[in-house]
Amino acid sequence: MLLKNITAICIFSIAAINMACAQTIQTIDSNTLQRMQWFKDARLGIFIHWGIYAVDGVSESWSFYNGYLSHDDYMKQCKGFTANKYNPTQWADLIKQSGARYAVLTAKHHDGVALWDTKQQGLSVVKNTPAKRDLIGPYIDALRNLNIKTGLYYSLIDWSHPDYDIFTRTQKRYTNDSLRWKKFTGFYQAQLQELSTKYNPDLYWFDGDWEHTAAEWQADKVRKMLMYYNKNVIINSRLTNHGDYATPEQGVPIQIPKDYYWELCYTMNDSWGYQPNDTHYKSCNQILNVLVDCIYKGGNLLLDIGPKADGTIDEKQKQLLVDVGRWTKKHEAAVFGTLPGINTEYCMYPTALSADSNMLYVFVSGKPASVYIKGLNNKVHRAYVLGQGTMLSYDIFGKAYWNKKPGMLSINLPQQLCDNEITVIAILLDGPVSLYND
Ligand code: GLC
């Protein structure tokens, strides 16, 4: 990752010393800051794993790679991939409703089946499935109509391509054949060129870099090419560390990540693609807790859905997006464009700060009678329930007159004001947050 190459000279201000973020923006150049701003503010994105694997509900690409079924049988799913109820406007409406500011669609997974009409030698839904048409263009248009940033997932690995060296976990097509490898890199880079010129996405989400080195993928050249087509494009780290942001997968980082830009990709059940047999769904509350954890630590959540082969979205997945959306809409000010909060040594709940740091948002789970914050030097102007409006009474206790240590702020939270999922208390301070640190 490029950011890792920047020596992190962390210039902390006294006030910021206990904020929940590791790398500070002082280490990042102004072009990058500008280019990355929408991403930094977005907080929630929707990942869409859509491909032929939805037909039989098997794991995307991995099912044949791992030998759960043969490649031939896996590819038979092509016949059932109709996309005949695909309605990208409905997708975009739902994404909008969830509160997400961007989406990332699998243009091509490790199985090599492109969702667009690729002119390169290789599989596509246009050539090989009854869908018979480009599925990416309409998605891009529908998102752009609603002002949602557009992302495309692209797997560097292509286990189906005759010139790709690896076929399955146990079978290789070749070793050390530089001519064939050259053909493959030419092929995949031409596909990327198609994506850039046809759709000009705001973001590329690479995957599968682990099978080759940066030099073998020609990662540097690829990054330059994508930026040539769109100087503002954002690239994830899975281009053998030639990207802009880190991509932890499935688990919220325990420690505050040292990368300033990061995004957690996360499934609603245990599968990326549509697997109706997988009913192990997280609850809305669990998903929101993960989102809040990301916000608190300064990252984004990329929440995954897996549409069916006909293009419709499972009711359960729809409902979760709607429920998440109810909460993000109500608490918009605490979600989008916020800064990481104060450390949990000061407040046992995750927090976030407004861009000017004058407002502290506390994400309260459950229905406690009081919420406590210690070590806050600021005066509180007011405290209220975000998205609901009621002013809350508060008190300072335990302030000793003979030292400078602030007392404990105690905010009373009547039960009936609590949100059923996570209540957000907004605390307006007399200036940028300042924490006692002794
Ligand atoms: C992993 C898997 C892949 C999935 C991706 C999403 O890298 O290879 O199946 O698409 O994670 O983050």
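## Terms and basis of the model

A polar contact is a pair of N or O atoms within 3.5 Å; within protein, one atom must be able to donate a hydrogen and the other to accept it, and residues adjacent in sequence count only if both atoms are side-chain atoms. This is a predicted model, in which local features need pLDDT of at least 70 and side-chain atom pairs count only at pLDDT 80 or more, while totals for chains, interfaces and linings use all residues. Residues are numbered from 1 along each chain as its sequence is written, and side-chain values use heavy atoms, with hydrogens and water left out.

## Asp111 and its surroundings

The side chains of Asp111 and Tyr74 are joined by a polar contact of 2.7 Å, and a polar atom of the Asp111 side chain also lies 3.0 Å from the backbone nitrogen of Val113. Asp111 belongs to the loop between β2 (102–108) and α7 (125–128), where helices (H or I, at least four residues) and strands (E, at least two) are DSSP runs numbered from the N terminus.

Asp111 is buried yet has no salt bridge, and the nearest side chain of opposite charge, that of Lys108, is 7.9 Å away. Here buried means under 20% relative accessible area, exposed means over 50%, and partly exposed falls in between (1.4 Å probe, protein chains only); a salt bridge is a side-chain nitrogen of Lys or Arg within 4 Å of a carboxyl oxygen of Asp or Glu. For charge, Lys and Arg count as positive and Asp and Glu as negative, whereas His and the chain ends are not counted. Leaving aside neighbours within four places in sequence, Asp111 is in contact (heavy atoms within 4.5 Å) with residues including Ile52, Phe64, Tyr74, Leu123 and Asp158.

## The ligand

Of the 14 residues around the ligand, His49, Glu60, Trp62, His109 and His110 come nearest, a residue being near if one of its heavy atoms lies within 4 Å. An oxygen atom of the ligand is 2.5 Å from an N or O atom in the side chain of His49, and for the side chain of Trp62 the corresponding distance is 2.9 Å. A polar side-chain atom of Asp207 lies 3.1 Å from an oxygen atom of the ligand. Taken alone, the ligand exposes 300 Å², of which the protein buries 95%; these accessible areas come from the Shrake-Rupley method with a 1.4 Å probe, and for residues only the protein chains shown count as cover.

## Helix α8

Helix α8 (residues 136–145) has several buried residues, among them Ile136, Tyr139, Ile140 and Leu143. The buried residues of this helix pack against β1 (44–48), α6 (88–98), β2, β3 (149–155) and α9 (178–199). Just after α8, Asn147 takes a positive phi of about 65 degrees.

## Salt bridges

The count comes to 16 salt bridges. One of them pairs Arg101 with Glu332, the closest N and O atoms being 3.7 Å apart. Because Arg101 lies in the loop between α6 and β2 and Glu332 in helix α14 (residues 332–335), the pair ties together parts that are 231 residues apart in sequence.

Arg238 and Asp207 also meet through their side chains in a salt bridge (3.0 Å, N to O). This pair links distant parts of the chain, with Arg238 in the loop between β5 (234–235) and β6 (263–266) and Asp207 in strand β4 (residues 203–207), 31 residues apart. Both Arg238 and Asp207 are buried.
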